[in-house]
Amino acid sequence: MARSAVPIITRIPAVMAGMLVLVLTLGTLIAVAMRAEVGTGLSAADWAAIKFTVSQAFVSALVSIIIAIPVARALARQSFRGRGALITLLGAPFILPVIVAVLGLLAVFGRNGILNAGLEALGLPTFTIYGFHGVVLAHVFFNLPLATRFILQGWLAIPSERFRLAATLNAPVGRLLEWPMLRSVLPGTFLVIFLICLTSFAVALTLGGGPKATTVELAIYQAVRFDFDLGRAALLACIQFGICTIAAIVAWQVTAVDGFGAGLDRVVQRWDGSRSIDFAWIGLAAAFLIVPLSMVVINGIMSLSELPFSIIQAATRSVFVALVSAIFCITMALALALQGGRIVSIIGVLPLSASGLVVGTGLFLIVFPFWRPSDLALPVTALVNATLALPFALRSIAPAVDGVVADYGRLMDQLNVTGWTRLRLIMLPRIRRPLGFALGLAAALSMGDLGVIALFADENGATLPLAMYRLMGAYQMDAAAGAGLLLVALSLLLFWICDRGGRIDADV
C-alpha cells in the first residue's frame, strides 16, 4: 500500500484510527498485565485449560484441512449444475452466528438429535456432542468451508496448460502439480484455522465446559462472571494473548512457494479421477453443512410465534450494536486505507492476535472502578466488534483504494483535488462495491458475536446471541430455535442490504 504524498487531512483520521486500535489491543493488554497475579502461578485447572485450548485448535485445524483436500479436489475436477451456488454456500458459515450453528449441530448430533435417534433405532450406543470431540466437530463445521475455499483457490491457480501437458506426457499429476501446490497452501491454511480455533469462545461456552473441556477464554469468562477473580482472569488473558500472538506471527511468516507460471486462462479440463468418488465427497460435505442449517430453519419456523417479547428487545439491541459497529469499522478501515503504508498494514492485523474476550477483559478492568460494566455493555461491544472486524474490512477496502490512487492519483494532485472533495467525488464512487461488502460483513459478524457482551451485560441488557444462549441453558430449545432463525435472518438481511447497496449504480 505504497503512497505518494498524502494530504494532512487524510492523516488525522488514520492516526486516530490507528491509536484506537493500539489502545484496544496493546492498551488493554497492558491493563490486563498490570492486574495479572503472576506470583500466584497457574493452577492445575489453568494448565489443563491451556492444554485443551491448544490441542483442540490443532486437531480442529488438522481435521478441517484433511477433509477439505478431497472436497476441494473434487470441486476443482468436476463441473456440474449448482457448482457456483455450492461454492458460494461454502462462505456462509463465516458470517453465520456461531450460536445458531451450534444449535443446528445439537439438532443433528445432540442427545435428542437425528443421529442419536437413528443409533437408538439400530440398538447402537448413542453419541454425545459435549466435550473435546464436540468442540472439534463444531470447529470443523465452521472451518471446513474456509479450508476448502483456500485449497480450491490453489487448485484453480494451476494453469490448464499444465494439466494438458501432464495428460499428453502421461505424467503423474498428483506428484508434479497437486502436491507442490498443497505444500505451499496447506501450512498457511492450517495456521489461519488454528488461530481462529484458539479464539472461538462461543463454541467452548456451549459445547465445552467442565474441568476437562475448558479453553483459556472460557476460563477467563468463568473467572470474571462467576468467581470475580480479576487477577486470575488477567493472568489467563495475558497467556491467551501470548498464544494468539505466536500463532499470528507464524502465520504471517508462512509464505507460498513460487507458482506454476501464467497460462491462457482456459477452463481447466481434467481426465483423471473417479467421478463417483468426487461426487461422494461433494455430497458428504454439502450434507454436513446443509442439514444442521436446515434443522435450524425447520425448528425455528415452528417456534417463531412463541418468542417472548424479551427476544424482540434483544434483537433490537443486536441490530443497533451491529449497525454502530459496522459504521465505525468502515470509518476506521477507510481512514487507514487512504493513508496506506507498512505501519497501517501492521496495525490492521493487530486485532487478529487479540481475541474479543481478552480485549473485553482489559476494558472490564479499566471501567470497573469508575462505572458499572453493564451500563457500558452495548457501546463497548460495538467498539470491540468494530476493531475485531477491522482486518477483514481493511483487506476488502485497501486494494480498491490502491487501484483508485494508481489510476487517478497524479491527476487528482495536478487538479488539486484534495480532502473531502477527493473522497466524495473520486474515491467513494469507485470503491462502493468493496465498501458495501465490508460494511455488510462487519454488521453480520457483530450481529452474531457472543463474547464481550457475555462479560458486560446483565439480565436486562442481553443481545440476541446472549439471549439465545440463555434459552439454551434453560433447556428452552424451541424458543432458542425461533431466536436462532431470527438471528440468522437479521444477520443475512443486514449483509445483503449493505452488500447490495454497494453494488447499486456503482461505477465499477
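Asp 375 forms a salt bridge with Arg 372, with 3.0 Å between the closest N and O atoms. A salt bridge here is a side-chain nitrogen of Lys or Arg within 4 Å of a carboxyl oxygen of Asp or Glu, and by this rule the count comes to 1. Asp 375 is partly exposed, at a relative accessible area of 47%, whereas Arg 372 counts as exposed, at 54%. The classes are buried under 20% relative accessible area, exposed over 50%, and partly exposed in between (1.4 Å probe, protein chains only).

The model is predicted, so local features need pLDDT of at least 70 and side-chain atom pairs count only at pLDDT 80 or more, while totals for chains, interfaces and linings use all residues. Residues are numbered from 1 along each chain as its sequence is written, and side-chain values use heavy atoms, with hydrogens and water left out.

The protein has 22 helices and 0 strands, taken as DSSP runs numbered from the N terminus (helices H or I, at least four residues; strands E, at least two). Of its 508 residues, 51% count as buried. The accessible surface comes to about 23,600 Å², and carbon and sulfur atoms hold 66% of that surface; the areas come from the Shrake-Rupley method with a 1.4 Å probe, and for residues only the protein chains shown count as cover. Among contacts (heavy atoms within 4.5 Å) with a separation of 6 or more, 84% join residues 24 or more positions apart.

Next come the empty spaces. Rolling a probe the size of a water molecule over the atoms shows where empty space is left. On a 1 Å grid over the protein atoms alone, a cavity is a set of points where a 1.4 Å probe fits but cannot get out, and a pocket is an open set with protein on both sides within 12 Å along at least five of seven lines; lining residues have an atom within 4 Å of a point. Grid points are joined across faces, edges and corners, and a volume is the space filled by probe spheres set on the points.

The whole structure holds 2 cavities of 30 Å³ or more. The largest has about 40 Å³ of space, and its lining includes Ser 318, Thr 381, Ser 446 and Asp 449. Helices H14 (309-339), H17 (377-414) and H19 (432-447) each give two or more residues to this lining. By class, the lining has 4 nonpolar, 5 polar and 1 charged residues (nonpolar: Ala, Val, Leu, Ile, Met, Phe, Trp, Tyr, Cys and Pro; charged: Asp, Glu, Lys and Arg; polar: the others, Gly among them).

The second largest cavity has about 30 Å³ and is lined by Val 71, Leu 75, Leu 86, Leu 90, Ile 282, Ala 285 and Ala 286. Helices H2 (44-77) and H13 (275-303) give two or more residues each, and H13 gives the most, with 3. This lining has 7 nonpolar, no polar and no charged residues.

Thr 148, in helix H7 (residues 132-156), counts as buried because its relative accessibility is 1%. Leaving out residues up to four places away in sequence, Thr 148 touches Ala 68, Val 71, Ala 72, Leu 75 and Leu 90. Val 71, Leu 75 and Leu 90 also line the second largest cavity.

The second largest pocket has about 710 Å³ of space. Of its 25 lining residues, Leu 106, Tyr 130, Met 472, Tyr 475 and Met 477 lie nearest its centre. Elements giving two or more residues include H5 (98-109), H13 and H22 (477-503). The lining has 15 nonpolar, 8 polar and 2 charged residues.
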